[in-house]
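Colleague: Can you put the model up? I have a few things to ask about it.

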Amino acid sequence: MTTEYNKPLPRLVNEAVSRPFWDAAKRHELVMPRCLNCSNMFFYPREQCPNCYSDNTEWVPVSGKGRVYSYTVVYQPANRAFQEEAPYIYAIVQLNEGPRIPTNLLECEIDGVELEMPVEVVFDDVTDDVTLVKFKPA
Amino acid sequence: MAIVAANQRFNAQENENAVFHGQPASKEDVLSSRYINYPLRILESVMPCDGAAALIMTRADRAKSFPHRPVYLLGAGMEQSNANIWQTDRITTTPVKTSAARAFQMSGYGPGDMQFAEFYDCYTILVAVTLEDAGFVEKGEIGPFYESTDTTYKGSFPINTDGGQLSGGQPGLAGGFRHVIEGARQIMGRGGGRQVALNDLCMVNG
């Protein structure tokens with residue numbers, strides 16, 4: 001665990017909806033919202049299913065495995081707090097279960113990323129309270 | 001992609017209001033500039049600036065008595081996609097595919113009829129996918145298109161004749177509308193040193 005994490009932490013804009021995701025991450029579990037009406041699994045968390053607009057949703061565990069849908073290498077972060085980590089990989093990972101999640105790729109050379117590359121989840125305990133969901137080559 | 005930036009920088013040398021007026025940049029300059037987000041380099045990214053845009057819209061019969069050649073709006077289309085790009089169905093297809101089709105349908109013209117274009121260009125890649133999604137170029141053929149087409153104001157298909165935002169600067173919320181202004185200016189024949197030769201039909205994406 002990093003004892004001095006001085007970068008910005010996620011600010012939950014709708015804590016009631018998204019808290020289960022962060023609580024699960026802290027337990028090193030990856031969970032996704034799923035619609036109980038149409039079975040659509042989706043991300044980011046929100047009050048209604050983006051497919052059928054039902055507000056009858058649940059949280060389900062997922063495998064944590066997926067593939068790189070797209071990526072970039074960040075040389076100049078929008079937030080300067082992350083400059084010391086540059087260059088780093090910002091990726092969109094498509095989970096085997098379907099939803100996409102924006103994330104960072106760890107344990108990967110910046111010129112070693114390929115589209116559709118298999119990846120698996122890594123839980124980055126950046127503070128005592130916050131765990132970030134990242135991925136690494138599988 | 002480097003040619004997108006270089007050709008627009010060439011055009012900006014005839015626009016004294018451009019942020020990079022007096023600072024030409026070649027394809028090689030673009031390719032040797034530093035990365036911001038791979039594969040986009042700093043010369044493929046906009047420079048923020050201040051600015052505003054406005055134009056006068058009136059009835060066609062009244063426009064005829066104005067001092068400049070009237071510019072007619074023949075067709076328009078609008079479409080939007082997800083606020084988060086990672087939520088879109090296909091990251092390589094933009095809402096331009098739908099909005100351009102609507103605009104062409106309303107106008108009765110097609111991509112082959114257009115003589116020049118003013119396309120939103122926060123980054124070089126957006127000009128490229130706009131050309132593809134609007135139907136000017138087959139998907140994936142943007143590289144050969146730029147290598148074989150002179151897109152400067154002197155060329156066979158001028159694009160972003162005032163330098164675009166890449167070389168002119170990105171004036172906040174006026175960023176999209178500035179492309180309308182340049183398209184209208186060219187059709188009026190008020191392009192000055194960067195006036196295009198064929199100025200009857202232009203497509204704008206803001």
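Modeller: What follows covers the contact between the chains and then two residues; bear in mind that this is a predicted model.

Colleague: Start with the interface. How many residues does the contact take from chain A and from chain B?

Modeller: Chain A gives 15 residues and chain B gives 12 residues. The area buried between them is about 1,200 Å², with carbon and sulfur atoms giving 52% of that.

Colleague: Which residues in chain A lose the most area to chain B?

Modeller: A:Tyr75, A:Gln76 and A:Arg100, and together they make up 39% of what that side buries.

Colleague: What is the count of salt bridges between chain A and chain B?

Modeller: The count is 0. Residue pairs in polar contact between chain A and chain B number 11, counting pairs with both residues at pLDDT 80 or more.

Colleague: And which strands of chain A supply at least two residues each to that side?

Modeller: β3 (65-74), β4 (88-95) and β5 (100-105) of chain A. The largest share comes from β3(A), with 6 residues. By class, the side of chain A that touches chain B has 10 nonpolar, 3 polar and 2 charged residues.

Colleague: Which strand of chain B does β3(A) pair with, and in what sense?

Modeller: β3(A) pairs with β1 (residues 35-38) of chain B, antiparallel, over 2 bridges. Within that strand, B:Tyr38 is the bridge partner of A:Val73.

Colleague: Change of topic. Where is A:Lys7, and is it buried or exposed?

Modeller: A:Lys7 sits in the segment before α1 (15-26) of chain A. A:Lys7 counts as buried because its relative accessibility is 10%, and the cut-off for buried is under 20%.

Colleague: What does the side chain of A:Lys7 make a polar contact with?

Modeller: With the side chain of A:Glu85, at 3.1 Å. Setting aside neighbours within four places in sequence, A:Lys7 is in contact with A:Ala81, A:Phe82, A:Glu84 and A:Glu85.

Colleague: Last one, B:Asn199. Where is B:Asn199 found in chain B?

Modeller: In the loop between α8 (177-188) and β4 (202-205) of chain B. With a relative accessible area of 14%, B:Asn199 is also buried.

Colleague: Which backbone oxygens does the side chain of B:Asn199 reach?

Modeller: A polar atom of that side chain lies 2.9 Å from the backbone oxygen of B:Gln186. The side chain of B:Asn199 also reaches the backbone oxygen of B:Ile187, at 3.4 Å.

Notes: Residues numbered from 1 in each chain as written. Chains lettered and ligands numbered in written order. Predicted model: local features only at pLDDT ≥ 70, side-chain atom pairs only at ≥ 80, totals over all residues. Heavy atoms only, no water. Helix = DSSP H or I, 4+ residues; strand = E, 2+ residues; numbered from the N terminus. Buried < 20%, exposed > 50% of the residue type's maximum accessible area, 1.4 Å probe, protein only. Polar contact = N/O pair within 3.5 Å; in protein donor to acceptor, adjacent residues only side chain to side chain. Contact = heavy atoms within 4.5 Å. Buried area = accessible area lost by both parts, 1.4 Å probe. Salt bridge = Lys/Arg side-chain N within 4 Å of Asp/Glu carboxyl O. Nonpolar A, V, L, I, M, F, W, Y, C, P; charged D, E, K, R; others polar. Pairing = 2+ DSSP bridges.
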